[in-house]
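Visitor: I'd like to learn how to read a model like this one. Could you walk me through it?

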Amino acid sequence: MNFKTFFAFVAPSVFMMILFIALPLVSVFIQSFQITQPVMQQLEVETCTPGFITQTCVTELKTLPVIGEDGKIQTTTEWVGLQSYRNVLQMDKVWQALSSGRLADILQIDFWKALRFTLMFTLLTLPLVIGVGLLIALAVNNAARAVRGPVIFVSLLPFIITPVIGSLSIYWLFVGDGILTAMMEQWSGTNISMFAQSWTIELLMYFYRVWHVAPFAFVIFYAGLQTVNMDTLESAVIDGASRWERLRHVIIPHLMPLIVFIALIHLMDCYRVFDEIIGFRSQAHVISLQWLTVDFLTPDDAGNRAIARASASAMLTMIGIVFLLILPLRRTWRDHKGSAHS
Amino acid sequence: MTLKRLALAGAISVMGSSAFAACSYENTTEIKMLSAGFEAWKAVADAMSECGNFKAELDQEFRTKQPAAFEANPSLYHLGGVSNGTVTPLLNAKTIRPLDDLVAKYGANLSPNQLIRIDGKIMAVAMMVNTQHLMYREDILADLDIATPTSWDEVYAAAAKIKDAGVVDYPLGATMKSGWNLAQEFVNMYPGFGGALFKNDNTTGVNSDAGLKALETMKAGLAFMDPEVLVSDSTYVQQQFQQGKIAMANLWASRAAAMNDEAESQVAGKIKMAAAPTAMAGGAPATTLWWDGIVVAANITDAEADAAFKLAMEGMDSDMVQANNDAAIWLVQGFQPGPLSQGAIATATANPAPPAYPSTTQMGLLHTVLGNEIPAFLTGERDAAATLVAIEEAYTTAAKEAGVLK
Amino acid sequence: MSNTSKAMRQSLALRLSSNAFLLFWCIVAAFPILWIAVMSVKSPVDAFAQSPMDVIFGPNTLARGDGLSVIDIALGLIVLFFAIRWMFTRLPTWVARYSTGSGRVIGWLLGATAYALVFLLVFFGLLPLVLAPLNALTGVLGEPVLGLTTQHYVAVWGENEFYRNFMNSMLVTAGVVTISLTVGTLAGYGLARSESDLAFWLLILALIFRALPHSVLVAGYLPWFINSAEILRPIFGDLSPTLYGQPWAVIAVLVAINQPFTIWMLRSFFQNIPAELDEAARVDGCSHFQAFRRVIMPVMWPGVITTGLFSFLLGYNDFLVTSLLLDAQNQTMVPAIAGYFNRETTTTDQVEAVAAAVSITAPLFLLVMVFQRQIVSGLTAGAVKG
């Protein structure tokens with residue numbers, strides 16, 4: 001296929017991605033090195049607000065932005081180099097903590113706290129999702145043909161349900177004296193509060209993520225199992241391979257590309273974990289990188305948003321994901337080279 | 001039964017959209033409003049839509065959208081619903097217009113108390129006040145022979161008694177969900193100890209004796225609260241009350257009506273309201289006063305502004321208030337303060353009176369910082385002094401980025 | 001695997017443990033969803049009650065006069081049983097009888113919708129009519145024993161006009177799926193048949209785009225969308241639109257965000273279609289586009305349907321983009337539900353939100369039922385060969 005035809009085929013898709021992903025990304029990149037702020041002045045302002053029955057008026061010195069001739073707030077934009085990155089990373093505190101040997105202090109800094117959780121969340125759920133998905137796929141494949149349809153249907157439910165609603169439905173089961181917490185209290189005879197300390201919240205988050213994504217892994221593995229070469233399996237049986245050996249030496253290698261695919265998708269989705277933080281209201285104990293970025297971006301009542309720090313934290317998140325993806329992507333590169341030369 | 005009810009509901013909703021009966025005139029200019037979505041705004045928006053040609057967007061994202069939407073030319077909305085916190089960006093960018101001439105034309109029924117004046121110019125018209133104050137189970141306090149607490153020390157003493165008696169799961173509830181809610185608790189408590197949030201040079205003054213006391217007082221309450229209090233927002237506390245799980249809480253006045261809602265509450269009629277507790281002897285109640293009201297966009301034509309304001313006055317009239325008397329502590333004429341509003345009125349008329357929540361750029365920055373830094377103190381990861389230092393540092397970073405500190 | 005050989009036969013212990021695991025998994029998978037469905041038909045007091053029994057039996061709901069009798073439950077379960085049974089047996093036969101070939105998808109969609117409508121009519125329209133006199137006649141058996149109320153559904157769909165949000169959701173989702181697939185199939189095909197390094201790097205770039213946190217992009221759109229009329233005025237004059245609040249603008253954003261995944265999946269799928277097929281067509285004098293239309297299009301449906309399903313889920317379930325970029329008039333269902341949970345809500349609002357949440361899950365149920373086979377066969381055909 002020559003370049004012109006290739007271009008014609010991919011142009012609409014590439015155009016949309018450039019417009020809605022690449023351009024915003026470039027602007028985020030630039031903004032991470034800039035600080036744009038309004039020009040401020042101090043003015044004496046009298047403000048009268050209602051009490052009950054009578055008003056109270058106060059006169060105070062207020063810091064207000066200057067309005068330009070076009071009727072908009074005057075702003076200045078300054079190149080600040082890596083200042084915003086420094087504000088996010090707070091390396092001085094990190095060195096301090098390292099030199100004084102109190103490593104726990106590092107986790108008091110928002111970015112490192114978020115990074116710790118995001119990485120742990122991503123790397124812990126990955127094997128779980130693949131393992132549980134594979135188990136379900138094998139079990140369904142073993143099951144009688146008649147029940148397979150309904151079982152696949154039920155298994156897919158956690159994956160298709162709207163994430164906001166899925167996480168809420170789990171949150172309600174456990175929050176306060178939610179029925180599952182109440183049940184556990186009855187069994188154990190102690191008072192359990194799942195949302196009072198970070199490790200239980202984290203546990204619930206892992207559970208929710210595996211519950212939500214394992215069906216995706218399952219359905220892909222299940223599809224993969226349908227194409228396992230029966231002859232190879234039969235000959236392995238004749239060679240006296242046990243069930244476990246067959247799984248290890250025939251089925252898993254056959255599913256390997258799918259495992260890589262799921263790992264890839266899962267790494268990407270997990271690394272930007274956000275829904276769980278909101279759904280389980282875990283901000284007090286556990287935060288993630290994307291939550292941190294969103295928190296910088298969310299305007300407060302006075303309309304301030306920390307765009308520079310948000311951009312810096314977004315870029316740092318991106319660097320992280322590129323690192324995580326290098327390993328699985330090397331394979332794709334080899335495949336590509338392989339197919340090009342074959 | 002179900003089908004019939006569905007049909008009925010459909011018929012009612014169709015009727016609702018075409019009736020002008022309750023409005024004194026027919027509105028012919030298309031008017032749009034963006035506001036928060038709580039009960040009082042629903043009531044006002046419903047009253048306004050009776051006049052026709054009106055679209056209300058009651059949106060929980062309004063804080064994100066409002067500054068940008070009012071800055072567009074023409075503005076995407078004619079009317080905005082704001083509080084003393086959220087009016088700040090609109091005032092700063094001057095995207096809302098002075099209302100003096102419109103008030104003179106249509107505001108005959110407004111009381112002077114309702115007019116929010118900035119440097120003498122009317123910039124917004126308030127319709128209600130809101131504040132956090134003490135709600136308590138009258139039956140429990142009477143059973144245990146506890147007088148209504150007036151200070152936080154008394155609240156904790158009462159809580160200790162209730163805990164010993166074991167009549168409820170947790171004696172105290174609190175809106176301590178990390179983030180905005182938790183920060184608001186600090187903003188209530190800190191001025192109660194006489195602390196000033198800012199110094200004259202825009203740096204924050206929270207790293208002080210009053211700051212330490214405020215933090216320690218907040219933490220002292222944890223012993224009487226649900227261990228999951230860091231996820232509890234107003235709705236959660238309200239539910240805990242309704243389910244009879246807690247006996248006292250410092251909760252928003254706008255939540256009072258829900259306590260007596262027979263359909264939801266198992267304790268209807270048992271909850272009473274009192275002034276917010278004081279933090280120190282002789283001090284003001286440890287809370288802040290809020291108002292909610294409407295503003296009119298600057299980037300619209302004068303004719304549209306005229307129609308919008310006329311419509312808003314129709315929505316905020318005494319008919320609407322009489323129909324929704326308990327939905328809020330209304331400032332509008334015709335409001336009959338009932339037993340539910342006693343606590344809020346006692347708070348607002350206390351001497352010394354609690355401060356109004358400050359509408360400044362710095363306050364917005366500090367509020368966010370407080371919400372992010374205080375949880376580490378309450379979970380025990382950090383002591384009070386270190387937390388105040390962290391708040392100061394984080395505020396300084398944010399304020400420098402926003403241009404309020406050099 | 002019907003002709004399983006002797007050696008492949010499973011031991012009893014293995015079969016038992018495998019099936020027990022499956023049963024356990026099905027309970028874990030379905031329980032939270034079933035539970036919110038139960039909550040949605042109870043009064044607020046019961047829905048958030050502490051004891052699970054109170055939530056299931058709903059004494060408070062019952063006390064307020066809403067409930068089901070033993071007969072109601074028995075007859076309801078019978079109808080439900082046959083409804084579900086026929087869904088897996090009769091429905092496929094009917095669809096197979098009345099539609100063929102590429103019309104199969106449409107046939108399934110129409111069939112499933114019609115089936116759902118008939119079911120709703122029978123279950124909520126006809127059944128109560130039959131049961132009312134039956135309950136009155138049978139005395140004790142006709143006494144309500146299980147608290148159940150549909151008031152929240154009535155409130156959501158009637159008073160709160162949730163059908164508007166439903167229509168908006170349908171519009172956005174349909175737009176996202178069609179445009180996403182049209183653009184994506186072309187690009188996927190192009191990428192699959194190109195051996196240049198450019199194609200590879202494009203793919204990697206797309207993957208990195210997919211990894212981006214959406215919030216970063218979306219927050220960047222807001223000022224542009226709100227001010228677009230002012231920004232575009234020099235180009236389009238007075239016709240320039242305000243993009244904020246426009247469903248088609250949101251569709252464009254969602255399509256773009258979804259492109260990386262779509263082209264990735266479709267590329268793998270097209271790679272599994274032998275290149276000899278279209279090369280043969282090209283030898284016959286077809287251009288690439290003609291070859292694509294005549295040779296590839298007829299065989300690409302399994303992969304396209306599977307990919308389309310993922311696009312559907314993305315468009316239907318999206319919260320971040322739709323909540324920020326749409327106004328109240330064009331609000332889709334998910335942000336509308338989140339709206340019930342904003343700062344000032346009541347317990348009733350929350351149960352209504354639960355009812356709304358259950359309602360929006362129903363179309364997803366339907367979709368999976370219809371396309372279950374296609375998903376598996378589409379994936380088997382290689383849409384995800386990594």
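This is a predicted model: local features need pLDDT of at least 70, side-chain atom pairs count only at pLDDT 80 or more; totals for chains, interfaces and linings use all residues.

Visitor: What is the mean pLDDT of chain C?

Guide: pLDDT is the predictor's confidence in each residue, from 0 to 100. Chain C has a mean of 82, with 94% of its residues at 70 or more. Watch residues 1-7 of chain C, though: pLDDT is below 50 there, and the stretch has three contacts in the model beyond near neighbours in sequence. By contact I mean two residues whose C-beta atoms, placed from the backbone, lie within 7 Å. Chain A averages 86, and 97% of the residues score at least 70. For the complex, the predictor gives an ipTM of 0.84 and a pTM of 0.87.

Visitor: And what is the secondary structure of chain C?

Guide: Helices (H or I, at least four residues) and strands (E, at least two) are DSSP runs, numbered from the N terminus. Chain C comes to 18 helices and two strands, and its C-alpha trace spans about 80 × 70 × 40 Å along the principal axes. Of its contacts with a separation of 6 or more, 75% are between residues 24 or more positions apart.

Visitor: What share of chain C is buried?

Guide: A residue is buried if 20 or more other C-beta atoms lie within 10 Å of its own, exposed if 12 or fewer, and partly exposed in between; the C-beta atoms are placed from the backbone. In chain C, buried residues make up 44% of the 386. For an in-between case, take T138(C) in helix 7 (residues 104-138) of chain C: it is partly exposed because 13 other C-beta atoms lie within 10 Å.

Visitor: How do I check a helix? What do the ends of helix 8 of chain B tell me?

Guide: The expected span is 1.5 Å times one less than the number of residues. Helix 8 (residues 180-192) of chain B has 13 residues, so it should span 18 Å; its end C-alpha atoms are 19 Å apart, which agrees. Twelve of the 13 residues are buried, so this helix is largely enclosed by the rest of the structure. Its cover includes strand 5 (121-137), helix 9 (209-221) and helix 15 (361-378) of chain B. After helix 8 of chain B comes G194(B), with a positive phi near 80°.

Visitor: Where is the kink in helix 8 of chain A?

Guide: The bend at a residue is the angle between axes fitted to the seven residues ending there and the seven starting there. In helix 8 of chain A, a kink of about 35° lies at V213(A), shortly before the proline P215(A). This helix (residues 198-225) still reaches 39 Å from first C-alpha to last, close to the expected 40 Å. It is mostly covered, with 20 of its 28 residues buried.

Visitor: What residues make up the contact between chains C and A?

Guide: Count the residues on each side, then sort them by class. Here 76 residues come from chain C and 73 from chain A. Helix 1 (residues 12-39) of chain C gives the largest share of the chain C side, 14 residues. Ala, Val, Leu, Ile, Met, Phe, Trp, Tyr, Cys and Pro count as nonpolar, Asp, Glu, Lys and Arg as charged, and the others, Gly among them, as polar. By class, the chain C side has 54 nonpolar, 17 polar and five charged residues.

Visitor: And the contact between chains B and C, how many residues does it take?

Guide: It takes 32 residues from chain B and 32 residues from chain C. Helix 1 of chain B gives the most to the chain B side, with seven residues. That side has eleven nonpolar, 14 polar and seven charged residues.

Notes
Residues are numbered from 1 along each chain as its sequence is written. Chains are lettered from A and ligands numbered from 1 in the order in which they are written.
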